[in-house]
Amino acid sequence: MIISYLKYRRKAQGKYHLHSPLVFDLYEKVLEKACEVPRCARNDSNFYEELDKRLKDFVNDNPLIFKENDTVMIVKDIHRDRQNEADWERLKNDEKVRLSIDCWRFGMIFVMDRLKKEHYILKV
């Protein structure tokens, strides 16, 4: 998994390199706030509960962007092992998934038919 992590670090972008206003806003309002949790507690269920809460609030606060039939989900441990990485690749390459975000320990999937297909690798 070391090689996988090094590839992630080489490709990962910070928020100032994002060209999507939606992803930039998501980074500031969801990821940065949730990741204020100390690093040692990030695998804890409290971290994922906080992340899920912030993501739901973000979706609800943006009714012009997110429609009723859109799906947004968090996928845990996407790089834990080769099987999880293969599952993540299969999921993000699904034709219904329009936006995917790799944050190393977890990923985010957006099924929104109005977007063009994009994949981001973010430093958090």
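Author: A crossing of two helices is called right-handed if the near helix is turned clockwise from the far one by less than a right angle, and left-handed if anticlockwise. The model discussed here is predicted.

Reader: Is the crossing of H2 and H3 left-handed or right-handed?

Author: Helix H2 covers residues 21-34 and helix H3 residues 45-60. Their axes lie 9 Å apart and form an angle of about 145 degrees. By the definition above, the crossing of H2 and H3 is right-handed.

Reader: How many residues of the contact of H2 with H3 are nonpolar, polar or charged?

Author: H2 contributes residues including Leu22, Leu26 and Lys29, while H3 contributes, among them, Phe47, Glu50 and Phe58. The residues of this contact divide into five charged, no polar and nine nonpolar.

Reader: Which strands stand at the edges of the sheet, and why is one side of each left without a neighbour?

Author: The sheet is open, with four strands in the order S1-S3-S2-S4 and mixed pairing. Neighbouring strands are turned against each other by 15 degrees on average, direction ignored. Each edge strand has a single partner strand, so one side is left without a neighbour in the sheet; these strands are S1 (71-76) and S4 (118-121).

Reader: Which residue in S3 stands opposite Val75?

Author: S1 pairs with strand S3, residues 106-111, in the antiparallel sense over six bridges. Opposite Val75 stands, in S3, Gly107.

Reader: At what angle to S3 does helix H4 run?

Author: Helix H4, residues 82-92, lies across S1, S2 (99-102), S3 and S4. Relative to S3, H4 runs at about 20 degrees.

Key. Residues are numbered from 1 along each chain as its sequence is written. This is a predicted model: local features need pLDDT of at least 70, side-chain atom pairs count only at pLDDT 80 or more; totals for chains, interfaces and linings use all residues. Side-chain values use heavy atoms; hydrogens and water are left out. Axes are lines fitted to C-alpha atoms, for helices over the stretch in contact, and angles run from 0 to 180 degrees between N-to-C directions. Helices (H or I, at least four residues) and strands (E, at least two) are DSSP runs, numbered from the N terminus. Contact means heavy atoms within 4.5 Å. Ala, Val, Leu, Ile, Met, Phe, Trp, Tyr, Cys and Pro count as nonpolar, Asp, Glu, Lys and Arg as charged, and the others, Gly among them, as polar. Two strands pair if DSSP finds at least two bridges between them.
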